[in-house]
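Here is a short briefing to read alongside the model.

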Amino acid sequence: MIHAQAQLDDAIRAYYDTSDEGSRLTRSVGGQIELTRVRRLVGARLAPGSRVLDVGGATGVHARWLAAAGHEVTLVDPVPSQVAVAARAGTFGAVVGDARDLPAPDASVDAVLLLGPLYHLVTRDDRMGALAEARRVLRPGGIVFAQAIGRLTAFTDAATVRGFPTLDQDDMRVLRTGEWTNPGPGFPGGHFHTAAELRAEVEEAGFADVLLHGLEGPNVGMLELVADDEALVRSGTELVERLEARVGADRRDLLAEASPHILAVGTR
């Protein structure tokens, strides 16, 4: 297990130096539903010509469509090679930076996207630091979009891949605490949230009117195993949107709990 955040940061840079977030969001039905939902939920909350900070934006999978929609976007990412690829788009700014120390003045943007940093920060203090930075750079009334990996999905993924008889203490710790870091190659890990935990962190950071959305709906990661299927993407997106519309406010967080990715939307 990697415990020091500095070690994990090195592992993150090494992993994303050769991994493209854009391809993750297009190579499976689950990824495409996630991308579609992010675009709809973010796009519906932004006024025309908004100033957007895309933190942890990788090669620009979100920054590209935001810029094409007329928003003024700056992408911030800790991986120089990812930023270099993003900068070649030429339609938005792209700089190397850290979610815990954003290169932006106070009250300077209308929206902050944190669509990755929270699940690579092991300690609550670091996650709260990233949320505090997002709040600092937002103007009054600005919006944060903070995404987490659902803890239930992280646990069931291990059970699905290896089977319950092989689950070990590291797997059980994921279920209890959400902490998991990968000592070998592959996804570096960090922290996996429950819906209640994500809500609590975003609200404690000072954001109001927090809403949680389970991006892919209650499939606990199974759609990540399905290759590109346009009809299934459409039906899967419609299913989760209908479920959200029909469940009461008191059950919305429970619905989000069973989704691979949970998006918290809050107002400064």
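Predicted model: local features only at pLDDT ≥ 70, side-chain atom pairs only at ≥ 80, totals over all residues.

**Strand 4 and its partners**

- Strand 4 covers residues 109-114 and is mostly covered, with six of its six residues buried.
- On one pairing, strand 4 runs parallel to strand 1 (residues 51-55), and four bridges join the two.
- Within that pairing, Leu 114 of strand 4 is the bridge partner of Val 55.
- Strand 4 also runs parallel to strand 5 (residues 138-149), this time through five bridges.
- Here you can look for Ala 111, which stands opposite Ile 143 in strand 5.

**The cavity**

- Searching the whole structure turns up one cavity of 30 Å³ or more.
- The volume of the largest cavity is about 370 Å³.
- Its lining has 26 residues, and those closest to the centre are Ile 12, Gly 56, Pro 78, Pro 117 and His 120.

**What lines the cavity**

- Which helix gives the most to the lining of the largest cavity? Helix 1 (residues 5-16) does, with five residues.
- By residue class, the lining of the largest cavity divides into twelve nonpolar, eight polar and six charged residues.

Terms used:
Residues numbered from 1 in each chain as written. Heavy atoms only, no water. Buried < 20%, exposed > 50% of the residue type's maximum accessible area, 1.4 Å probe, protein only. Pairing = 2+ DSSP bridges. 1 Å grid on protein atoms, 1.4 Å probe; cavity = no way out; pocket = protein on both sides within 12 Å on 5 of 7 lines; lining within 4 Å. Points joined across faces, edges and corners; volume = space filled by probe spheres on them. Nonpolar A, V, L, I, M, F, W, Y, C, P; charged D, E, K, R; others polar.
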